[in-house]
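Reader: I have not looked at this structure before, and I would like to go through it slowly. Could you take my questions one at a time and show how each answer is reached?

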Amino acid sequence: KGIIMNHSEHDALWGFDPEEEGGKVGRDHPETSKLAAKQVKSGSQKAQILVLLNSSPWATGYTLSEGVFNGAGRSISPNQTCTRLQELREDGLVERIVDSVTGKSMERTTTPGNTGHLHRLTPRGLVVASILEDSK
């Protein structure tokens with residue numbers, strides 16, 4: 001049998017409600033950004049990634065994974081983080097950073113012998129991340 005909690009109990013236990021949708025959206029934001037913010041649940045792993053990227057010029061999936069938590073309050077794996085990053089890229093909220101000379105995705109060392117692509121927020125992602133942070 002599962003334990004049923006109301007939203008405020010869930011918030012108190014985990015620090016966020018993973019089912020809560022994006023918060024209030026200012027009138028000055030474009031309609032598409034408002035819609036995107038409503039679609040990204042504020043406590044979700046995607047929302048956590050957007051907020052983390054909003055405070056950093058770039059990050060790899062590996063470095064982000066340490067600050068993204070599942071519903072049990074444990075950090076998620078780098079592979080899970082990279083899956084969320086792919087979904088955010090498909091949504092047009094995150095992009096890989098491309099070297100202006102070579103045209104290739106830029107990478108940084110993550111663990112010995114391994115590298116990860118550098119990611120940053122797109123202009124639309126910046127707006128959505130700001131909306132999510134304002135709703136905290």
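Author: H3 and H5 are roughly perpendicular to each other, in what is a predicted model.

Reader: At what angle do the axes of H3 and H5 cross?

Author: A crossing counts as roughly perpendicular when its angle falls from 65 to 115 degrees, and H3 and H5 are placed in that class. The axes of these two helices come within 10 Å, and the angle at which they cross is roughly 80°.

Reader: Which residues of H5 make the contact with H3?

Author: On the side of H3, the contact is made by Gln45, Lys46, Ile49, Leu50 and Leu53. Facing them, the residues that H5 brings to this contact are Thr81, Arg84, Leu85, Glu87 and Leu88.

Reader: Is arginine 84 buried or exposed?

Author: Arginine 84 lies in helix H5, and leaving out residues up to four places away in sequence, arginine 84 touches Gln45, Lys46 and Ile49. Its relative accessible area is 18%, and the limit for a buried residue is under 20%. Arginine 84 is therefore buried.

Reader: How many of the residues of H3 are buried?

Author: The buried residues of H3 are Gln45, Ala47, Gln48, Ile49, Leu50, Val51 and Leu53. They pack against H4, H5, strand S1 (94–96), strand S4 (119–121) and H6. H3 is thus described as mostly covered, and the buried residues number seven of its ten.

Reader: Which residues is valine 94 in contact with, leaving aside its neighbours within four places in sequence?

Author: Valine 94 is among the core members that touch the most others, together with Ile49, Leu50 and Leu53. With its neighbours within four places in sequence left aside, valine 94 is in contact with Leu50, Leu53, Leu85, Leu88, Arg89, His119, Arg120, Leu121 and Thr122.

Reader: What distance separates the C-alpha atoms of asparagine 79 and tyrosine 62?

Author: Asparagine 79 lies in helix H5, and with a relative accessible area of 64% asparagine 79 is exposed. Asparagine 79 and tyrosine 62 are 17 residues apart along the chain, and their C-alpha atoms are separated by 8.0 Å.

Reader: What share of the residues of the chain count as buried?

Author: The secondary structure of the chain comes to six helices and four strands, and from the N terminus on its elements run α-α-α-α-α-β-β-β-β-α. The chain exposes about 8,300 Å², of which carbon and sulfur atoms supply 51%. Of its 136 residues, the share that count as buried is 32%.

How values were computed
Residues numbered from 1 in each chain as written. Predicted model: local features only at pLDDT ≥ 70, side-chain atom pairs only at ≥ 80, totals over all residues. Heavy atoms only, no water. Core = buried A, V, L, I, M, F, W, Y, C linked by side-chain atoms within 4.5 Å. Buried < 20%, exposed > 50% of the residue type's maximum accessible area, 1.4 Å probe, protein only. Contact = heavy atoms within 4.5 Å. Areas by Shrake-Rupley, 256 points an atom, 1.4 Å probe, with all protein chains shown as cover. Axes fitted to C-alpha atoms, helices over the stretch in contact; angles between N-to-C directions. Parallel < 35°, antiparallel > 145°, perpendicular 65-115°, else oblique.
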